[in-house]
Amino acid sequence: MPMLSQAYLAALTELLYTHSGEMAGVYDLRLGWFTHVNPAGVQLLAYPSEEAFLADPNHSLRTPPWTTAQWQQLWDITRREGHHELEADIRRHVGEPFRAYVKLTYFEVEGRPLLLVNLTEHSRLQQAERALAHSVRRFEAVFTNATLGIIVSDRAGQMVSANERAGQLFGYAPAELLGQQIEVLVPDAAGRHHAQLRESYNANPQVREMGHDRPLAGQRRDGSVFPVEASLSYFYLDEELYVVAYLVDLSAQQAAEQELHTQHQRVARLNAELEQKVIDRTNALLLTLEQLEKRGDQLALALQAEQELGELKSRFVRMASHEFRTPLTAVLTSADLIEEFPGSHQQAQRLKYVDHIRTSVQHLNNILEEFLSVGRIEEGKIEAHPGNLNLTSLVHDTVADMQSLRQAGQTIDWHVECPIPVRLDASLLRKILMNLLSNALKYSGENSVVTVRASCQPWELTITVQDQGVGISQEDQAHLFEQFFRAPSVITVPGTGLGLYIVARYLELMGGTIDLQSALGEGTTVTVRLPLTTPD
């Protein structure tokens, strides 16, 4: 190919640069601004002349301006690929900014890297076309990646579009579904009266559900059947009606419901077994007491011990009969009510009763955890393991965890004053504080304040928890640290009667003490003191 003459190159440059209808300029990355710009660029950017443009101290082309790092990044991409295109809002010297296509081309002159910058202003038609393209891409992304199966069929029931999830549900590649009748996927729907139902829907299309009373039976390519829920909507394209089916596989939901039913039966069976065991133990205890009474004065001390054991067991029976029956009844009632809301539009009601079940099961877990804690304490399986800890963080985190127990208007006011390091068993200390806070919130009324104060001396840590609750009589205070004891004034409030007993035993393990001051109607103040040792 013959080389172009200098005169020809000059004419070509004049034609493509000087007389171009689009802005063309040479940008020097080292200078951070343009060294040349053509007349179209001067006019497009509303400058009086090329000299005024090149001398403008405002070196921002885009609004907001590209930073030096961003220019460097654009330069790197353009240098690597040879050219780069993007859209940007461009600043005018006078007037409003405008949207433009920006095309960058990399070249060098005598080893100096430069960018040729071309700007083309958007027209409204171009903006509309690009917005339409973006809208189409967004629709395609939603349709393709949806977690629901989506199938579009025409008025005759022939599938014209299907997303990836729909193919996965029924075991087809999406393209294999196109052109087939929708009845291939749900052959037994509505007693096979598909044609009549389709005509009825085409005559009065509306957004609605299918299989409201019972799930539809979807049929996979391999012939296997699974429960499916379908919702219908529609749209018109060129006056032609199209129906959109949104499909959900209900297999996992039905399995979860069956598992819930199985667990309910298991809990009911365990409750019956527990009640029978309690009856058997109680009968055995009564028989033992009767035998001990017949043995006379020689067995007086042994009889007294058995009577105390009997009282302990009776407390347990009363507590367990009430505390287990209430959440189990809530589980049974909620499970029955869930069956009354089979429709997908009733998901809110189902979730409400599922939440009731979750709360009741958590309550049972808490009761069992207290029983297990007492067992581990009695068996000597719990020991104190002191370690360095941040007292402020421990109190803060514990108070935060107890916020969910607050009644309406209740607040927890806490303050820690501990300038010295602390070495204690963080787990036991946290459990002690949680028990005390739980009691304070439980036995205080609405709009009350629970106060927590912690202070350190070189030899001792003092923690007080004060409430504005119902208070405790002097007579009942003598029994507060006994297992399963519940004061008559709070017998209607849920509880096991083990909380303060566990706290006292934990303090024994840590060498601490507990003091309680209370009066009926005036609230309660609990003070815990723990010895401190020098941290590692």
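How many bridges join strand E4 to strand E5? There are 10, linking residues 98-109 of E4 with residues 112-121 of E5 in an antiparallel run. Strands are DSSP runs of E with at least two residues, helices are runs of H or I with at least four, and both are numbered from the N terminus.

## What you're looking at

This is a predicted model, where local features need pLDDT of at least 70, side-chain atom pairs count only at pLDDT 80 or more, and totals for chains, interfaces and linings use all residues. Residues are numbered from 1 along each chain as its sequence is written, and side-chain values use heavy atoms, leaving out hydrogens and water.

## The five-stranded sheet

E4 and E5 sit in an open, antiparallel sheet ordered E2-E1-E5-E4-E3. Two strands pair if DSSP finds at least two bridges between them. At the edges are E2 (33-37) and E3 (83-90), each pairing on one side only.

Lys-103 stands opposite Asn-118 in E5. Helix H4 (residues 68-81) lies across E1 (23-28), E3, E4 and E5.

A nonpolar core is a set of buried (under 20% relative accessible area, 1.4 Å probe, protein chains only) Ala, Val, Leu, Ile, Met, Phe, Trp, Tyr and Cys residues joined through side-chain atoms within 4.5 Å. The largest one has 41 residues, with Leu-391, Leu-437 and Val-465 among those with the most contacts inside it. Helix H13 (426-442) is one of the elements supplying at least two residues; its share, 8 residues, is the largest.

Apart from that core lies another, of 26 residues, including Met-23, Leu-61, Phe-98 and Leu-119.

Notes
Contact = heavy atoms within 4.5 Å. Axes fitted to C-alpha atoms, helices over the stretch in contact; angles between N-to-C directions. Buried < 20%, exposed > 50% of the residue type's maximum accessible area, 1.4 Å probe, protein only.
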